[in-house]
Each structure stands twice: as structure tokens, then as C-alpha cells.
Amino acid sequence: MKKTSVSLALFGALLAFGSQLANAAAPDWNKVPKRTIQVFHAGVTPAEWVMKKSDHSGRTGINKGESCVGCHEEKGGLNFDMKRLAGKELEPKGAPKTMSFPVTVQSAYDKDHAYIRLTFKAPAGGFDPADKENDVKVAMMFANDEVSKGAQIGCWGTCHGDARTMPGADDKKTKYTKGGAYELMQWKSAAGAKAVDGSVTDKRNMEGGTAGVVAEGSKSGDTYTVTFTRKLSGTLAEGKATPFGVAVHADHATGRFHHVSMGYTMGFGVDADVKSAKQ
């Protein structure tokens with residue numbers, strides 16, 4: 001009897017949650033402002049590289065409170081030395097043919113949910129097409145307030161030189177933080193693939209998140225459109241600007257052979273790099 005009661009209670013909770021998502025009303029995306037960001041292949045430039053003055057002179061600015069975006073984003077593009085990023089110094093294994101490409105970000109919210117849409121053309125010519133199941137994967141991470149320099153460096157707070165696919169690293173060691181946590185969500189292009197609702201703490205967790213992530217993706221011609229629906233909770237709240245980053249694994253890429261954004265902020269009722277439209 002006790003087991004039956006618990007099972008019924010759990011079923012009821014899941015049914016209520018499913019009903020809540022079913023009632024989530026997607027916005028009219030034609031009325032939601034667009035912000036184009038650039039994603040790029042970062043090579044072997046983990047957080048340790050970013051914060052080492054002999055490797056990256058921008059460390060001084062970060063320590064003063066400046067952001068990576070503030071230094072490197074110019075006229076909608078990036079002022080990186082792409083040849084250096086693609087060279088043997090920073091990409092010893094081999095770089096993709098396309099080092100950067102634009103992603104259009106849109107965001108909206110209501111009292112219960114956040115809606116985020118990403119639109120882009122995924123390039124071919126990846127160096128390490130090891131993911132045979134997914135042509136493309138798209139992930140977003142949102143940093144909580146305990147992540148050191150989260151608003152400045154974005155997802156780099158999870159990227160370390162001793163994590164898998166870095167040169168000489170432990171192939172079983174995933175992304176991790178040295179303090180705080182990120183909420184993680186991901187869409188995969190494989191038929192029937194489940195949306196990832198996870199986190200990054202002392203390790204990457206591909207499940208167990210509490211955001212109730214629903215992810216949908218489509219391809220029209222050469223353009224992908226990926227839409228995330230999740231609860232307005234946790235790191236996302238009205239009156240708050242939350243640090244976030246985007247990662248796209250194109251052309252069957254896996255591990256660090258993705259294209260990533262710098263750290264941006266998404267604001268819900270407040271100014272930010274991407275201002276979410278209230279519904």
C-alpha cells in the first residue's frame with residue numbers, strides 16, 4: 001500500500017509538470033528582438049590559458065572586471081587572430097575549415113517559462129567527426145552567482161586543461177567548475193534524442209537538472225533552428241541578468257572540437273547583451 005501511494009504521488013507530480021509545459025505558449029518569434037553572436041573554434045585555450053598573462057594579455061582586463069566580449073567583439077564580428085587559433089600552437093590536432101560563424105539568439109519569457117531560439121548555418125569541414133549519431137548538437141549553459149568571473153568569461157569557467165580531449169588529459173574527466181555551478185541544456189539532431197537537462201559542478205551531469213528542458217530543432221535548407229523551453233527558475237529569474245554561453249558541435253564534432261561563444265548575459269526585465277522579451 002505504501003509503495004502504491006508513493007508511485008501514485010510521483011505519477012501525479014509528473015502529470016502536473018507535463019501539463020504545465022503543455023500550457024507554455026511559445027512566443028511569436030517575428031516580434032522578438034534578435035541578437036547575433038559569433039561562435040568560434042577555441043582550440044586549446046582553457047580557463048588556465050585565459051588567466052595566464054604570458055599566454056593571454058587580456059588577463060589584466062579580466063582581473064579589472066572587463067569582459068571577453070567587451071574586448072573582442074567588434075562590429076558584430078570577432079577581432080581574434082584566427083590563424084593563431086587554427087595553428088599548431090593552439091590547435092595541435094587540427095582545426096575545422098570554418099573557424100567562426102554567426103548564431104542569432106532570441107529570448108522571451110512569461111511568469112513561468114523562458115523561451116530561447118537559436119538560428120544558424122552549421123558549417124561542414126569539421127576536423128574530428130567522431131559523433132556518428134548527431135550531425136549537430138547545440139548546448140547552452142547558464143552560470144549561477146557563485147561562479148567566479150562568470151559574467152566575464154562565460155562557459156570558460158567549465159573549461160580546463162586537464163579535461164577530456166585536451167592534449168594529454170584524462171579522457172574520463174569531464175567539464176567542471178572550481179566553484180559555483182552552471183545549468184546545462186542541449187539539443188541533439190539524432191532522431192528521437194532526448195533533450196539534456198543537466199548541470200556542471202565538480203563534474204558534468206547530463207541529467208538530473210530541474211529546469212524541465214524541452215528542446216526542438218529543425219533544418220530548412222542549410223539553416224538550423226533550435227528552440228529551448230524551460231522553467232523560469234534557478235539561474236533564470238525576472239529582474240536578473242544571467243551569464244550564458246552557447247556551444248555548437250557541427251559536422252559530427254565531439255568534445256572540444258566545437259564552436260563556442262564568449263560569455264554574454266541574458267536579461268529578464270533588465271538590460272543585458274540579450275534582453276528577453278516579456279510576453
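Accessible areas here come from the Shrake-Rupley method with a 1.4 Å probe, and for residues only the protein chains shown count as cover. On that basis the accessible surface of the protein comes to about 13800 Å², and 52% of this surface belongs to carbon and sulfur atoms. The model is a predicted one, in which local features need pLDDT of at least 70 and side-chain atom pairs count only at pLDDT 80 or more, while totals for chains, interfaces and linings use all residues. Residues are numbered from 1 along each chain as its sequence is written, and side-chain values use heavy atoms, with hydrogens and water left out.

**Overall form**

The protein contains six helices and 15 strands, where helices (H or I, at least four residues) and strands (E, at least two) are DSSP runs numbered from the N terminus. Its C-alpha atoms fill a box of roughly 65 × 40 × 40 Å along the principal axes. The radius of gyration, taken over C-alpha atoms, is 19 Å, which agrees with the value near 19 Å for a compact globule of 279 residues under the rule of 2.2 Å times the number of residues to the power 0.38. Of the 279 residues, 47% count as buried, that is, under 20% relative accessible area with a 1.4 Å probe and protein chains only. Among contacts (heavy atoms within 4.5 Å) with a separation of 6 or more, 69% join residues 24 or more positions apart.

**Aromatic pairs**

Rings of Phe, Tyr and Trp (its six-membered ring) pair if their centres lie within 6.5 Å, and planes under 30 degrees apart count as stacked, over 60 as edge-to-face and the rest as tilted. The count by this rule comes to nine aromatic pairs. One of them, Phe 120 with Tyr 224, is stacked, at 5.6 Å centre to centre and 15° between the planes. Because Phe 120 lies in strand S5 (residues 113-120) and Tyr 224 in strand S11 (residues 223-231), this pair ties together parts that are 104 residues apart in sequence.

**Cysteines**

A disulfide is a pair of cysteine sulfur atoms within 2.5 Å, and a search of the whole structure finds zero.

| Cysteine | Closest cysteine sulfur | Distance |
|---|---|---|
| Cys 68 | Cys 71 | 8.0 Å |
| Cys 155 | Cys 159 | 9.4 Å |

Cys 68 counts as buried at 14% relative accessibility, and Cys 155 counts as buried at 13%.

Note on methods: Buried < 20%, exposed > 50% of the residue type's maximum accessible area, 1.4 Å probe, protein only.
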